[in-house]
Amino acid sequence: MSKVKLTFACGLYDRVLPLYTGAVSVEGVELDFLNIDAPREIFDRMAAKQEFDVSEFSSSEYVSRYA
């Protein structure tokens, strides 16, 4: 079975470093980890154009944009 390809935009935090290095993988997923160190850029790109399959996104950002 082929893996699902997902793009993931996130800052390079200690808690996601194993995903970035490949030390931890997600079964059935080919993860394209996009290291973007500017949360504002990630939020804007995700909210405006849904450029990524998965990204970090603050709950306050979500509420302020969609309330």
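Helices (H or I, at least four residues) and strands (E, at least two) are taken as DSSP runs and numbered from the N terminus. The structure described here is a predicted model, in which local features need pLDDT of at least 70 and side-chain atom pairs count only at pLDDT 80 or more, while totals for chains, interfaces and linings use all residues. Residues are numbered from 1 along each chain as its sequence is written, and side-chain values use heavy atoms, with hydrogens and water left out.

The chain contains three helices and three strands, arranged along the sequence as β-α-β-α-β-α. Its C-alpha atoms fill a box of roughly 40 × 30 × 15 Å along the principal axes. Of its 67 residues, 25% are buried, where buried means under 20% relative accessible area, exposed over 50%, and partly exposed in between (1.4 Å probe, protein chains only). Contacts are defined by heavy atoms within 4.5 Å. Among contacts in the chain with a separation of 6 or more, 52% are between residues 24 or more positions apart.

The three strands form an open sheet in the order β2-β1-β3, with parallel pairing; two strands pair if DSSP finds at least two bridges between them. Strands β2 (29-35) and β3 (54-55) stand at the edges with a single partner strand each, so one side of each has no neighbour in the sheet. Strand β1 (residues 4-10) is joined to β3 by two bridges. Phe8 has Val54 in β3 as its bridge partner.

Leu12 lies in the loop between β1 and α1 (17-21). With a relative accessibility of 34%, Leu12 is partly exposed. Residues up to four places away in sequence aside, Leu12 touches Leu17, Tyr20, Phe33, Asn35 and Asp37. The C-alpha atoms of Leu12 and Asn35 are 6.0 Å apart, although 23 residues separate the two in sequence.

Five salt bridges are found in the whole structure, each being a side-chain nitrogen of Lys or Arg within 4 Å of a carboxyl oxygen of Asp or Glu. One of them joins Asp44 to Arg40, with the closest N and O atoms 2.9 Å apart. Asp44 and Arg40 are four residues apart in helix α2 (residues 39-49), which means that about one helical turn separates them. Asp44 is partly exposed at 31% relative accessibility, as is Arg40 at 43%. Arg40 also meets Glu61 in a salt bridge (2.9 Å, N to O). Because Arg40 belongs to helix α2 and Glu61 to helix α3, this pair ties together parts that are 21 residues apart in sequence. Glu61 is buried, at 9% relative accessibility. Glu51 is partly exposed at 36%, and Arg45 is partly exposed at 26%.

Arg65 is located in helix α3 (residues 59-66) and is partly exposed, with a relative accessible area of 36%. Leaving out residues up to four places away in sequence, Arg65 touches Arg40, Phe43, Asp44, Ala47 and Phe57. Between Arg65 and Ala47, 18 residues apart in sequence, the C-alpha to C-alpha distance is 8.2 Å.
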